Amino acid sequence: MSEIESITIPVAINTRNKLDKMHWAQRHRLRNEYCLLVRNQMKLNKLKKSDTGGKYKISILTFRKYRIRDFDNLVGGCKQLLDALSHEGFIWDDDIKYIGSPKVCQEQAKIESTIITRKLIT
């Protein structure tokens, strides 16, 4: 049985509505910011990059300071994060055959952050 590995980044996930209003260069900078945060957490937690073709069960829990967003808006906002996870090797690829349907949840909290967990599917 494989263990669950997780990283925590100190930002809440943007919503799909907010991403749609961004210029393409802003979205690119946001993905690069997520890449930096993911890379840093992988090094701090001593997590190895995913195996070639590795299939993972992914869970994303975001803590929001203000109001809770509707589900489709929240899930759509995860695109830049999933791209960053793939780019940094936390997951092999963000294709559905490698990560299935990621579980995405949100809670209200005083401090914004996001916890991403992965479990290798054997």
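How many of the 122 residues of the protein chain count as buried, as a percentage?

1. **Burial.** The share is 41% of the 122 residues. Buried means under 20% relative accessible area, exposed means over 50%, and partly exposed lies in between (1.4 Å probe, protein chains only).

2. **What kind of model.** This is a predicted model, where local features need pLDDT of at least 70, side-chain atom pairs count only at pLDDT 80 or more, and totals for chains, interfaces and linings use all residues. Residues are numbered from 1 along each chain as its sequence is written, and side-chain values use heavy atoms, with hydrogens and water left out.

3. **Overall fold.** The protein chain has five helices and four strands. These are DSSP runs, numbered from the N terminus: helices are H or I with at least four residues, strands are E with at least two. In sequence order the pattern reads β-α-α-β-α-α-α-β-β. The radius of gyration is 14 Å, close to the 14 Å from the globule rule for 122 residues, so the chain is as compact as a globular protein of that length. That radius is taken over C-alpha atoms, and the rule is 2.2 Å times the number of residues to the power 0.38.

4. **Box and contacts.** Along the principal axes, the C-alpha atoms fill a box of roughly 40 × 30 × 25 Å. Take contacts between residues at least 6 apart in sequence: 87% of them join residues at least 24 apart. Contact means heavy atoms within 4.5 Å.

5. **Helix 2 and helix 4.** The axes of helix 2 (residues 24–44) and helix 4 (residues 79–87) come within 8 Å and cross at roughly 50°. Axes are lines fitted to C-alpha atoms, for helices over the stretch in contact; angles run from 0 to 180 degrees between N-to-C directions. Helix 2 is therefore oblique to helix 4. Angles under 35 degrees count as roughly parallel, over 145 as roughly antiparallel, 65 to 115 as roughly perpendicular, and the rest as oblique.

6. **Who makes the contact.** Helix 2 contributes Arg27, Leu30, Arg31, Tyr34, Cys35 and Val38, while helix 4 contributes Gln80, Leu81, Asp83, Ala84, Leu85 and His87.

7. **Glutamine 80.** Glutamine 80 sits in helix 4. Is glutamine 80 buried or exposed? Glutamine 80 is buried, because its relative accessible area is 9%. Leaving out residues up to four places away in sequence, glutamine 80 touches Leu19, Arg27, Leu30, Arg31 and Tyr34.

8. **Lysine 119.** Lysine 119 belongs to strand 4 (residues 113–120). Its relative accessibility is 27%, so lysine 119 counts as partly exposed.
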